[in-house]
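Please read these notes with the structure open beside you. They begin with one residue and then turn to a whole chain.

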Amino acid sequence: MREGTKKTLFVFTILVFAFFYIPILVLMVFSFNDSKIGTVWTGFTFDWYIRLFSNSQIIDAAFNSLFIAIVTTVISTVLGTLAALTLHRYGFPGKRTVGFVFYIPVVIPDIVLAVALLVLYSFLNVKLGLATVIPGHVVFATSFVILVLLARLAGLDKALEEAAKDLGANEWHTFWKVTFPLIYPGILAGALLAFTISLDEFVVAFFTTGPGSNTLPVLVYSMVRRGVSPEINALSTILILAVVLVIVIVGWRMNRMNKQQGGI
Amino acid sequence: MAEGMVRLENISKKFANTYAVKELNLDIKTGEFLTLLGPSGCGKTSTLRVIAGFEKPTSGNIWIDGKKVDKIEPYNREVNTVFQSYSLFPHMTVADNVAFGLKMKKVSKQDIKNKVKEALNLVQLENFAARKPKNLSGGQQQRIAIARAIVNNPKVLLLDEPLGALDLKLRKQMQLELKQLQQELGMTFIYVTHDQEEALTMSDRIVIMNQGKIEQTGLPDEIYEKPATKFVADFIGETNLFEGKVMQTNDTYATMECAGQYIIIPNNQNFLENESVYMSIRPEKIKVSAHANDKVKQLKVIMKDEIYIGSVTKIIAAFPDGQEVVAHGSRDIFKRCSQGSQLYLSWEPADSIVFKMKEKLEV
Ligand SMILES: Nc1ncnc2c1ncn2[C@@H]1O[C@H](COP(=O)(O)OP(=O)(O)O)[C@@H](O)[C@H]1O
Ligand SMILES: [Mg+2]
């Protein structure tokens with residue numbers, strides 16, 4: 001590569017990274033700013049973190065979000081895994097169509113699903129509350145789980161399952177002794193994706209949650225409308241650090257698992 | 001129905017609209033080393049998969065050790081397979097791979113330990129028990145695949161081109177080891193290969209397959225010496241095939257016309273005049289001479305090339321119409337010959353094998 005090209009590419013890469021991360025860095029720095037107005041640095045403080053943890057509204061919303069995310073993750077990981085296995089393994093009439101239907105939630109605008117769910121709930125006379133957020137999140141998250149898992153399954157050597165059966169393992173043992181351990185990293189990645197999708201989902205949550213049961217993104221939205229408070233910076237900082245931590249741990253574990261398996 | 005170890009009766013396997021296996025009938029004896037030999041795509045793997053239970057035959061019946069197994073799932077059949085790509089479980093150690101079948105059969109822990117050790121000893125990999133398969137060489141993985149199968153003491157062991165991925169030297173060594181192992185264990189082996197040399201050296205009996213059908217079943221020397229069809233003659237070893245018409249016949253011999261020359265063939269199939277036939281003659285059965293000899297029937301050819309292949313020299317010659325013929329001879333006879341020289345070929349009519357042309361329609 002020519003020296004000039006190399007330099008240009010390098011600068012370009014730096015710029016892209018800056019574009020990605022400078023806003024986040026600024027936010028994190030200002031979460032320690034000792035000033036109510038978020039734009040001028042006046043000194044270091046932990047005040048916003050202390051106030052954050054004494055704000056029961058925020059704490060409630062965080063627990064709501066966590067609850068929805070966990071329930072969504074469990075349901076969509078199980079459903080998605082079963083659906084992906086079925087799609088991967090069995091041929092049946094209309095398989096391609098069914099497979100395509102699972103992708104629709106990935107590409108459909110959130111607002112369409114949100115409104116559709118709202119219409120459905122009012123038609124069925126369902127009272128909106130925290131639980132009414134879950135179905136919408138499950139729809140999104142399941143699609144992503146299927147997507148991730150189908151990719152993993154495509155790399156799974158079918159002959160391994162046959163080898164297990166050849167050695168006397170029935171369907172049940174074949175799945176738990178061979179298939180599951182081999183696709184487990186995919187299931188884990190799918191679950192992680194489902195969790196984060198649910199945690200930061202705004203549109204569906206905004207439309208389908210009941211009064212008084214805010215999720216974190218919905219609460220942040222309503223707070224920001226009254227101006228960005230440094231409390232929100234503090235909250236965001238904590239969220240970012242938590243997510244980074246989870247990704248690092250999972251990434252490290254998956255890396256180790258792949259190494260043990262010879263990286264199928 | 002219990003005759004021998006495996007019995008295939010009229011087995012057909014159809015994929016979409018082509019038959020991978022067609023109306024196959026085969027009896028495999030207990031303790032036999034039987035090889036399915038044929039070109040790639042002839043249906044060898046499909047036949048094994050039908051026996052193992054991974055494919056349901058489109059029609060036909062299968063017996064294993066006297067039991068009809070058509071409705072028995074693969075995991076309940078008393079056969080084990082050594083897969084073409086080994087298919088070792090990547091997430092388990094070598095020992096766990098070998099123990100897998102025994103665990104499924106709920107063999108006691110102590111027995112499993114002993115049997116795994118024994119099996120690893122048998123393939124000389126006892127020191128590799130704690131390794132993961134990916135940390136083994138191809139040849140070692142191959143041995144583990146064999147150990148993993150035989151540790152279950154199956155009634156029949158199915159092997160699908162198990163040595164295909166190994167280099168020549170290792171392959172030769174493994175051929176011997178496998179054959180020895182089979183004899184020691186007295187186990188029935190059904191072995192698949194497209195390598196005729198491998199089949200000829202290892203097998204008790206060979207089944208030649210072509211396009212889903214059996215062309216011939218026989219002992220290795222039968223297959224080589226007395227090919228039953230033109231396909232077998234062409235597929236096994238090197239041969240010269242001539243196409244021509246029967247001219248005259250008497251009780252013992254017939255004359256065949258080929259490219260303007262006359263060849264004497266044994267009349268053992270009631271040839272009719274004008275009938276189209278193929279004749280096959282192996283290169284080592286052909287006598288090559290630089291001189292005409294009135295006492296024997298000779299064919300005149302033009303020398304094209306000679307190839308030194310160690311013990312003999314391979315002569316490539318051509319008929320006037322361009323058809324090539326290969327013969328073996330010792331080197332000094334041809335010292336005086338060079339490209340373009342006239343050569344004279346002769347052979348015992350009894351060494352040639354003639355096939356009626358009608359089988360061209362079948363093939
Ligand atoms: N699952 C399958 N679906 C469709 N065609 C198949 C399948 N398996 C094998 N075939 C076809 O059946 C024929 C025989 O294949 P195979 O038994 O694998 O041959 P071999 O092992 O002798 O090379 C081939 O033409 C192959 O393309
Ligand atoms: Mg094959």
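1. In this predicted model, A:N55 has a relative accessible area of 18%. Buried means under 20%, so A:N55 counts as buried.

2. Where along chain A does A:N55 sit? The residue belongs to the loop between α2, which covers 47–53, and α3, which covers 56–89.

3. Now to chain B. Its secondary structure consists of 9 helices and 20 strands. Along the principal axes, the C-alpha atoms of chain B fill a box of roughly 80 × 45 × 35 Å.

4. How much of chain B is buried? Of its 363 residues, 51% are buried. The accessible surface of chain B is about 17700 Å², and carbon and sulfur atoms account for 48% of that surface.

5. Consider the contacts in chain B between residues at least 6 apart in sequence. Of these, 66% join residues at least 24 apart.

6. The charged side chains of chain B number 48 positive and 45 negative. The centres of these two sets lie 7 Å apart.

Conventions:
Residues are numbered from 1 along each chain as its sequence is written. Chains are lettered from A and ligands numbered from 1 in the order in which they are written. This is a predicted model: local features need pLDDT of at least 70, side-chain atom pairs count only at pLDDT 80 or more; totals for chains, interfaces and linings use all residues. Side-chain values use heavy atoms; hydrogens and water are left out. Helices (H or I, at least four residues) and strands (E, at least two) are DSSP runs, numbered from the N terminus. Buried means under 20% relative accessible area, exposed over 50%, partly exposed in between (1.4 Å probe, protein chains only). Contact means heavy atoms within 4.5 Å. Accessible areas come from the Shrake-Rupley method with a 1.4 Å probe; for residues, only the protein chains shown count as cover. Lys and Arg count as positive and Asp and Glu as negative; His and the chain ends are not counted. The place of a charge is taken as NZ of Lys, CZ of Arg, CG of Asp or CD of Glu.
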